[in-house]
Amino acid sequence: MELKKKSLVFLLLNVLIRCIASQNVTTFYWVVSIDTSHVVHIARWPKVLSSFGKLGHRSQSVLHPSGTKDILTVNGEFPGPAIYRHRGERFNVNVRNEGKYNVTIHWHGVKQPRNPWSDGPNYVTQCPIKPGANFTYEIILSDEEGTLWWHAHSDWSRATVHGPLIILPEQGKGYPFPQPQNEVPIVLASWFKGDVMEIIETALQNGGEPNQSDAFTINGQPGDLYDCSTEGTFKMMVDYGKTYLLRIINAIMNEEMFFMVANHSLTVVGTDGAYIKPINTSYIMITPGQTMDVLITADQSPSYYYMASRAYAVVGAYDNTTTTAIVQYNGNYTPPSTPPLPNLPNYTDTDAAANFTVRLRSLANEDYPVDVPQTVDTHMYITISMNTLPCVNNSCDGPDGSRLASSLNNISFVEPSIDVLQAYYKGINGVYDTDFPNEPPYYFNFTGDDLPDTLLTPERGTKVKVLDYNSNVEIVFQGTNVMNAAENHPMHLHGYSFYVVGNGTGNFDNSTDPTRYNLVDPPEVNTVGVPKNGWVAIRFRADNPGVWFMHCHLERHASWGMDTVLIVKNGTTSSTSMLEPPSYLNPC
Ligand code: C2O
Ligand code: CU
């Protein structure tokens with residue numbers, strides 16, 4: 001009886017707190033629907049540099065049936081709406097699904113303290129919002145500051161359903177760098193001529209590679225290097241002598257990207273919603289899932305300059321096109337016949353990728369301190385591999401008739417039919433297993449050439465790793481060359497950002513490599529590129545109880561099983577435990 005009373009009081013209190021809290025919380029209303037009006041022209045190939053004369057005015061669109069199509073959008077916008085909030089605020093987003101596919105939305109890089117309920121990954125923290133249904137996400141910001149983003153997290157719907165989530169300093173506070181004249185989101189995305197949901201569905205059925213994208217876009221437009229209408233090429237107007245903040249988001253599906261602006265140098269001041277020690281560079285390498293805050297000063301002779309981005313890709317087939325936008329100086333001058341293009345690193349320039357990434361350091365000062373775990377309670381060593389699965393009569397589209405797959409520690413993740421969070425919270429058995437291993441099942445020369453075929457086949461399962469509340473965790477991700485398919489894998493963890501304390505090429509050596517860790521000012525990120533045939537060591541304190549997805553942010557790898565789930569147990573008090581579920585959960 002006493003217990004019942006107590007829990008009733010607790011419940012009422014909880015409702016009361018939620019009511020009070022919700023009074024000051026902004027709610028955005030979003031409709032996910034099929035947009036037939038959005039026109040991106042990708043008409044004829046191969047690419048031809050269009051004459052520059054067209055850029056100054058709206059040219060007549062050259063419509064081609066394959067160049068326009070229906071896409072899934074939020075509120076009819078592509079990229080989707082930008083959300084601007086101050087550090088530490090809360091807000092709600094009601095998402096109504098008027099499209100024809102199931103959908104969920106994820107707040108990429110938002111830690112959502114104690115609130116996995118609104119994190120979004122399909123069948124991990126929720127069942128999907130079905131056509132006709134809706135769900136209200138409660139987004140809780142904490143110490144994130146800078147550029148993050150949001151995206152759909154169900155099948156491949158994120159291709160067009162994504163947008164910026166910009167977290168300004170607290171009211172009345174400034175940036176740890178001079179206030180820029182203006183700031184501009186730069187969203188890099190993939191454009192597919194076909195229906196993305198069908199592309200991945202077909203690929204998973206047939207066991208082969210999904211189609212590549214047909215273009216990349218900057219803020220929704222492919223730019224002048226594609227033979228399509230240039231009417232919408234994104235332009236950024238600048239005043240000579242002023243400094244601008246680019247908030248760059250890599251929302252691309254399957255490629256890491258190099259990005260440059262012709263004749264201008266870049267100063268990177270933040271990544272993944274945390275500040276870094278400024279880096280001066282001519283180019284950046286940004287993986288899907290990452291964001292970068294970059295200052296650029298308009299210090300060249302007033303003219304037009306291209307910003308451009310293309311893939312950093314080392315294996316197999318990839319989209320090798322280049323997307324552009326224009327930096328245009330205000331003033332009176334004769335526009336160039338063709339703006340200069342930046343000289344981007346080569347597609348396969350792994351050194352260029354590494355030389356940039358290795359420079360990242362947390363700002364780590366009094367105002368923006370770091371809290372790097374100096375000791376470790378739980379060590380995990382996780383191999384990242386491409387694999388194949390046997391296919392009946394060798395009739396699939398993978399190598400030798402097999403089915404393509406991928407894995408972490410040789411486990412290829414299988415999406416359950418009830419979300420892991422619900423199963424965990426309600427104690428429903430049979431949805432997942434808790435035996436995701438702390439190390440790979442066998443050791444071999446992970447980065448060697450021509451590895452034996454016996455290593456090709458992974459185990460399939462919905463395996464999760466359970467972590468104690470507040471334990472210090474170190475994960476070493478080890479890239480492998482299984483299938484001769486070594487490449488860079490952008491590993492992303494939900495519910496946390498983590499410190500990248502070390503990285504290197506070849507196999508991780510657990511006696512010598514840790515001695516070279518940076519435990520002073522390592523970058524704090526939510527997505528890290530594990531270098532091709534190399535390793536990365538990350539650390540974090542498991543202080544956010546909940547169910548958190550961890551996966552490669554290359555969409556085809558995630559679809560093939562390069563995923564797992566971390567369940568972080570509750571602490572001993574209610575303030576160190578998961579929040580109660582919201583009153584409405586979407587049924588499975
Ligand atoms: Cu942007 Cu599960 O990720
Ligand atoms: Cu990957």
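M260 lies in strand β13 (residues 256-261), strands being DSSP runs of E with at least two residues, numbered from the N terminus. This is a predicted model, where local features need pLDDT of at least 70, side-chain atom pairs count only at pLDDT 80 or more, and totals for chains, interfaces and linings use all residues. Residues are numbered from 1 along each chain as its sequence is written, and side-chain values use heavy atoms, with hydrogens and water left out.

Q: Why is M260 called buried?
A: Buried means under 20% relative accessible area (1.4 Å probe, protein chains only). M260 has 11% relative accessibility, so M260 counts as buried.

Q: What makes S282 a contact of M260?
A: Contact means heavy atoms within 4.5 Å. Leaving aside neighbours within four places in sequence, M260 is in contact with several residues, including S282, Y306, M307 and P345.

Q: Which residues touch the most other members of the largest nonpolar core?
A: Such a core is a set of buried Ala, Val, Leu, Ile, Met, Phe, Trp, Tyr and Cys residues joined through side-chain atoms within 4.5 Å. Of its 52 residues, those touching the most other members include F259, I284 and M307. Apart from it lies another core of 33 residues, among them M386 and C552.

Q: How do you know that β14 and β15 pair?
A: Two strands pair if DSSP finds at least two bridges between them. Here 5 bridges join β14 (residues 266-271) to β15 (residues 274-281), so the antiparallel strands count as paired.

Methods
Chains are lettered from A and ligands numbered from 1 in the order in which they are written. Helices (H or I, at least four residues) and strands (E, at least two) are DSSP runs, numbered from the N terminus. Buried means under 20% relative accessible area, exposed over 50%, partly exposed in between (1.4 Å probe, protein chains only).
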